[in-house]
Amino acid sequence: MIKAILFDLDGTLLDTLPDIAQSVNEMLRLHGYPTISEELTRAYIGNGARELVERALPAGADTDACFETFTQVFSHNKGDKTQPFAGVVAGLLRLKAQGYKLAVITNKPRYATETLVAKYFPDLFDYIVGDDGTFPRKPDPTAARYCALTLRVPCGECLFVGDGETDVLTAKYAGMRGVAVLWGYRSQAQLAAAGAIDFVQSFDQLENFVKNS
């Protein structure tokens, strides 16, 4: 029986791609490098901000300097283009009302994570982890396991929900049930290649999956 649901953020709860792409390209322009497409940015998301920056840079670029610039640019991004995916807010409210413990486990920087969760999902989550160096980034399972411990729910009674390969692997490594969402930034084929078995195409389907698990 599922008692706690752990969610990825970017590509799972929120469509943050337009704002991330804008910040990446502003960083590239400031350093005199060619900008990249939104689709390429989509492919680079998933392993944290530093890896995103590294992937976006041309060979030989000063990664440390560019990452510092990206951090500054991103911290000033107001998130005006970010929106919850269809059905997410109403679905989370229903899950909360049914007594499920809810958490966010993301590789997104902590300051951005907390700002976005407070803006779009106030008082909905029992535990939130963003990248601040406290835990290794996903797919390392440490943060997910610590979340389960904090919520006092065995890992085997937790469901990990995400749209990326890192989420599929995090669920596996943490000993949790995993389900991959298909409205995010990866295709079903990419997720299946990472080991995903269960998929949902809408938040309604996710709720039915939780109910029947």
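Let's start with a helix pair: Ile 20, Val 24, Met 27 and Leu 28 in H1 meet Leu 52, Val 53 and Ala 56 in H3, where contact means heavy atoms within 4.5 Å. By class, this contact of H1 with H3 has seven nonpolar, no polar and no charged residues. (Ala, Val, Leu, Ile, Met, Phe, Trp, Tyr, Cys and Pro count as nonpolar, Asp, Glu, Lys and Arg as charged, and the others, Gly among them, as polar.) Keep in mind that this is a predicted model, in which local features need pLDDT of at least 70 and side-chain atom pairs count only at pLDDT 80 or more, while totals for chains, interfaces and linings use all residues. Residues are numbered from 1 along each chain as its sequence is written, and side-chain values use heavy atoms, with hydrogens and water left out.

**Helix packing**

- Two packed helices are described by the angle between their axes and the distance between the axes.
- Helices (H or I, at least four residues) and strands (E, at least two) are DSSP runs, numbered from the N terminus.
- H1 (residues 17–30) and H3 pack at an angle of about 55°, with axes 11 Å apart; the axes are lines fitted to C-alpha atoms, for helices over the stretch in contact, and angles run from 0 to 180 degrees between N-to-C directions.
- That makes H1 oblique to H3 (under 35 degrees counts as roughly parallel, over 145 as roughly antiparallel, 65 to 115 as roughly perpendicular and the rest as oblique).
- H3 (residues 49–56) also pairs with H4 (residues 63–75): their axes come within 10 Å and cross at roughly 120°.
- That makes H3 oblique to H4.
- On the H3 side, Ala 49, Arg 50, Leu 52, Val 53 and Glu 54 meet Thr 63, Asp 64, Cys 66, Phe 67 and Phe 70 of H4.
- By class, the contact of H3 with H4 has six nonpolar, one polar and three charged residues.

- Thr 16 sits in the loop between strand E2 (14–15) and H1.
- At 2% relative accessibility, Thr 16 counts as buried (buried is under 20% relative accessible area, exposed over 50%, partly exposed in between, with a 1.4 Å probe and protein chains only).
- The side chains of Thr 16 and Asp 10 are joined by a polar contact of 2.7 Å, meaning a pair of N or O atoms within 3.5 Å; within protein, one must be able to donate a hydrogen and the other to accept it, and residues adjacent in sequence count only if both atoms are side-chain atoms.
- Leaving out residues up to four places away in sequence, Thr 16 touches Asp 10, Thr 82, Lys 108, Leu 116 and Tyr 185.
- Asn 107 belongs to strand E4 (residues 101–109), and at 6% relative accessibility Asn 107 is buried too.
- The side chain of Asn 107 reaches the backbone nitrogen of Lys 138 at 2.8 Å, and a polar atom of that side chain lies 3.2 Å from the backbone oxygen of Gly 46.

**Around H8**

- In H8 (residues 165–174), Thr 166, Asp 167, Val 168, Thr 170, Ala 171 and Ala 174 are buried.
- Those buried residues pack against helix H7 (142–151), strand E6 (158–162), strand E7 (177–181) and helix H9 (188–193).
- Just after H8, Gly 175 takes a positive phi of about 75°.

**An exposed lysine**

- Lys 211, in helix H10 (residues 203–212), is exposed, with a relative accessible area of 65%.
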